[in-house]
Amino acid sequence: MKNHNLGNKKAQTALKSEAPLLFPFISLRREPFGALLFNPYLSIEKEFDETGALIAESCDGAHTKEELADACQACFGMDRESTVRKVEEVLTELRVACAIEFTGKGKPKRPPPSLYPAESNAALSAPKSVIWDVTYACNLSCPHCLTASGARTVNELNTQDACRLVDKLSEAQVLYLSLAGGEPLLRKDILHILAHIAETGIRVDIATNGYALPSTLLREFRELPIFHVQVSLDGIGREHDAFRGRRGSFSRACNTLKRLKDEGLSTSVSTTATARNIGHLEEIVDLAAELGCDAYKAIPFIPAGRGKSSAAALRLDRQSSLRMCKVLTEASSRYRGRMSVEMESTYAFLLDPPAPSTDQNGRMICSAGYDTLSVGADGTAYPCPFLHDFPLGNILHDPMDRIWHQSSVLARMRLLDKTAMSGPCGTCEYAPAYCRGGCRASAYLDCGSLNGSDPLCFKGLTIPNR
């Protein structure tokens, strides 16, 4: 009996002496609500309140669970039972996120104090996601191109400056970085840039047209932590070739997807839904599944860049927007568990309208400038890839906190509420509980106002029988 009690006592002592250590690849970023934790390898995000933030950022391998509880009591005046429960709760969440181990002494990983938000506002402390057009060079010529890409521009960042830009994003603890263009794989230094991103721990994805993926490049991809490659398909066979302006682009894109899949890389297909291909959307989704893609998304055509001159021929109307929503909704159900189908750019709730909301007012925002930022090939920041009419500064020359926190355009977008909306959004019974007004770029490019209504909302249309 005595030995048994001694054994329990030793077990308790061992438990108390456990010191949780946050893995070095985990990002933990202070936010107005507390902290945001991100595991780039599993794409897991966790939000913690102020108490949870203190616990998470104290997981440095030098503080035991008992000491974490002591710190919470001292800072927040919690009773011991609540404190112990909170510590165990947060550590459980960190385990689920595969963010900690229990080990010896380590070095604390904390966000730079200069990036802490000065006060609570409508924005995160920094963007979660950045879309970076690394070049405007392209081997195709598409009528919908939002960057009007073709030839490389003279002011594109050289290798050294491109790596400096990556460092700036890393210092701000950006979580996701998508390399786009143009065609990002046309940069001769793309492997150098990818290797540099890998050193920062930012989760990197690549958006490519899939026309050319040299074997030498693909071999190097094996050694790099590239988390996802998105390939564009805007039609089947000759339809895609005609749209992309180059024969063979469809077969090359499909072959690229197969080769990437053979290498074990996560892949997806992206389609720009237009008046030309809306009738073939279901076929493209099914093809993506046949090619073993992990995800599919379709985004409606927005008349930016070269697309402005093709707007009359490519723009979707509200009926086509409804059709796109139905196709994606049905595909999401059909491929559940096999391939995810993104629904963010649709108004899926209108297919089975909920009861009207009793909320009279509230924020009407999209991801642009709230958790996402776009960066051009010269380092200029914009609210999103479609809103190049609103340059915010240059990442290389202007502090990130000034670009993110002091932009009058972003402040206006973040504080936009229902009472300020023009058009149907201002009186909609589903706003803001079920809908935040859709895409601000779509509204702006349609009516010239960031306060406008998204022209692709199909509210009021008759929903066809399923």
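This briefing covers aromatic pairs, charges over rings, helix packing and one cysteine in the structure above. The model is predicted, so local features need pLDDT of at least 70 and side-chain atom pairs count only at pLDDT 80 or more, while totals for chains, interfaces and linings use all residues. Residues are numbered from 1 along each chain as its sequence is written, and side-chain values use heavy atoms, with hydrogens and water left out. Helices (H or I, at least four residues) and strands (E, at least two) are DSSP runs, numbered from the N terminus.

**Aromatic pairs**

- The structure holds nine aromatic pairs; rings of Phe, Tyr and Trp (its six-membered ring) pair if their centres lie within 6.5 Å, and planes under 30 degrees apart count as stacked, over 60 as edge-to-face and the rest as tilted.
- One of the pairs is Tyr347 with Phe458, edge-to-face at 6.3 Å centre to centre, with 85° between the planes.
- Tyr347 belongs to the loop between strand S12 (340–341) and strand S13 (372–375), and Phe458 to the segment after helix H15 (440–447), so this pair links distant parts of the chain, 111 residues apart.
- Both Tyr347 and Phe458 are buried, where buried means under 20% relative accessible area, exposed over 50% and partly exposed in between (1.4 Å probe, protein chains only).
- Phe349 and Tyr430 also form an edge-to-face pair, at 5.6 Å centre to centre and 75° between the planes.
- Phe349 lies in the loop between S12 and S13 and Tyr430 in the loop between helix H14 (408–414) and H15, so their pair ties together parts 81 residues apart in sequence.
- Phe349 is partly exposed, with a relative accessible area of 22%, whereas Tyr430 is buried at 9%.
- Phe23, Phe25, Tyr41 and Phe227 make up one aromatic cluster.

**Charges over rings**

- The charged end of Arg252 sits over the ring of Tyr211, 4.1 Å from its centre; the criterion is NZ of Lys or CZ of Arg within 6 Å of the ring centre and within 35 degrees of the ring normal.
- Arg414 lies over the face of Trp404, 4.5 Å from the ring centre.

**Helix packing**

- Helix H5 (residues 159–171) and helix H6 (residues 190–200) have axes that come within 10 Å and cross at roughly 20°; axes are lines fitted to C-alpha atoms, for helices over the stretch in contact, and angles run from 0 to 180 degrees between N-to-C directions.
- That angle makes H5 roughly parallel to H6, as angles under 35 degrees count as roughly parallel, over 145 as roughly antiparallel, 65 to 115 as roughly perpendicular and the rest as oblique.
- Residues of H5 that meet H6 include Ala162, Cys163 and Val166, and those of H6 include Ile193 and Ile197.
- Helix H3 (residues 65–76) and helix H4 (residues 80–96) pack at about 120°, with axes 9 Å apart.
- This makes H3 oblique to H4.
- In H15, Arg440, Ala441, Ser442, Ala443 and Tyr444 are buried, and the buried residues of H15 pack against H14.
- Just after H15, Gly448 takes a positive phi of about 85°.

**Cys145**

- Cys145 is in the loop between strand S6 (129–133) and H5, and is buried with a relative accessible area of 15%.
- Leaving aside neighbours within four places in sequence, Cys145 is in contact (heavy atoms within 4.5 Å) with Ala304, Gly305, Arg306 and Gly307.
- Cys145 and Asp352 are 207 residues apart in sequence and 34 Å apart in space, C-alpha to C-alpha.
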